[in-house]
Amino acid sequence: MKKRWHKSLCALMSAVLLCVFLNGASSALTPSGSQLYRGIDVSEYQGMVDYARVKRSGIQVVYIRSSLGSDYVDPTFRKNYAGAKAQGLRIGFYHYVTARTTAQAQQEAHFFASTIAGTQSDCRLAMDFEYLNGLPIAQINKIAWSFLQELGRLTGKELVVYSDTANARSVFDQRIADTYPLWVAQYGVDMPSENGKWNNWIGFQYTSAGQIEGISGSVDLDWFTEDIFLETPSSLPTPLQPAPPKQTKIILVTVRTGDTLWRIAQRYHTTVTDLLKLNQLENPNLIFTGEVLRVRVPLREEPGVSISEYTIQPGDTLFAIACRFGTTVDSIVAMNALPNPDLIYAGERLWIRRIAPSLARTYTVKKGDTLWSIARRFGTSTATLAKLNRLKNPNLIYKGQVLRLF
């Protein structure tokens with residue numbers, strides 16, 4: 001009787017919520033199907049979970065974080081999987097992406113696939129890519145696409161993109177929306193807003209402060225449709241082609257004033273995850289000036305590229321420094337995570353990434369460009385650009401024209 005009562009209640013709740021979704025304002029994003037399933041998503045932050053009580057509370061689907069970055073396995077992953085499996089709950093896995101390049105994205109796809117190999121998922125494998133700070137939108141989409149494509153190739157399973165409404169609307173591109181369904185997060189609303197790319201959702205995370213029997217503290221609560229489930233649930237395979245190991249070395253780096261782990265990771269082309277593991281740090285936001293950290297770097301540096309340190313002198317500007325070192329203002333800003341490129345101080349130290357002059361870079365002129373605006377953008381001068389490109393009239397450039405920068 002108790003089980004039948006729960007099933008009737010869930011069916012009634014689904015029907016009521018579906019009416020809300022389908023009869024809401026035209027700006028709402030609707031579910032992909034009529035049958036809704038109650039769900040939660042969990043990680044180490046939920047601690048020990050009593051899945052018997054979770055099931056009794058009416059939860060039907062559990063998404064479990066298995067991994068983060070390229071080498072961090074969630075310490076509760078195996079316990080969460082075993083506990084949810086024992087109660088017959090439908091299980092899905094998600095991976096938190098920290099990649100900054102497409103190569104790192106493919107590595108993370110291998111790591112995710114390797115971590116969950118041998119388990120059985122009932123739901124689509126989910127990409128959670130919200131660590132976007134400092135990345136151009138085009139690069140974000142390249143990373144996401146590389147991760148999803150590689151993960152699909154390795155596992156042969158259907159996938160889903162987890163994203164909040166804001167990023168779904170303004171960050172992820174139409175190619176991703178056309179290829180992979182959406183598990184959307186938006187809190188404090190009865191239904192998620194339209195984003196202009198996806199036509200519906202198969203997952204809706206509506207709060208991060210849910211209270212469920214069997215979990216001490218808060219947990220994310222979700223609704224899912226039938227489309228979240230795999231067509232043929234089966235054990236996940238071990239990737240046949242593991243990511244090739246990189247030749248690396250460990251160096252010691254002294255933390256400078258204003259440094260963060262993310263800034264250090266960007267400077268040395270590594271990840272926050274690797275820095276945390278190498279230095280046995282529990283809190284990524286707690287490092288101190290003068291502290292010495294171990295950093296893993298490639299054994300061989302990028303050909304034609306060198307990184308040096310420069311102390312800002314009185315009267316310096318980023319433009320002048322970029323011209324002096326044959327680099328760009330954008331490169332200096334990115335290397336040092338400068339919040340305001342126009343505000344630098346004498347005595348402050350900068351990391352400069354220099355590209356050998358022989359490695360010429362080019363730029364295709366766009367509508368509205370002038371030689372001066374291009375020179376300013378790339379930290380060079382109009383005279384240099386005119387000379388490199390043999391321009392008789394620096395004021396005469398054309399849309400589509402390809403210019404050498406260095």
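Predicted model: local features only at pLDDT ≥ 70, side-chain atom pairs only at ≥ 80, totals over all residues.
Residues are numbered from 1 along each chain as its sequence is written. Local features need pLDDT of at least 70 and side-chain atom pairs pLDDT 80 or more, while totals for chains, interfaces and linings use all residues, and side-chain values use heavy atoms, without hydrogens and water.

Visitor: Which residues touch the most other members of the largest nonpolar core?
Guide: A nonpolar core is a set of buried Ala, Val, Leu, Ile, Met, Phe, Trp, Tyr and Cys residues joined through side-chain atoms within 4.5 Å, where buried means under 20% relative accessible area with a 1.4 Å probe, protein chains only. The largest one has 55 residues, and those touching the most other members are Ile40, Phe93 and Phe129.

Visitor: Is Asp369 buried or exposed?
Guide: Asp369 sits in the loop between strand E18 (362-364) and helix H12 (371-377). Because its relative accessibility is 15%, Asp369 counts as buried.

Visitor: Which backbone nitrogen does the side chain of Asp369 reach?
Guide: The distance is 2.8 Å. The backbone nitrogen belongs to Lys366.

Key: Helix = DSSP H or I, 4+ residues; strand = E, 2+ residues; numbered from the N terminus. Buried < 20%, exposed > 50% of the residue type's maximum accessible area, 1.4 Å probe, protein only. Polar contact = N/O pair within 3.5 Å; in protein donor to acceptor, adjacent residues only side chain to side chain.
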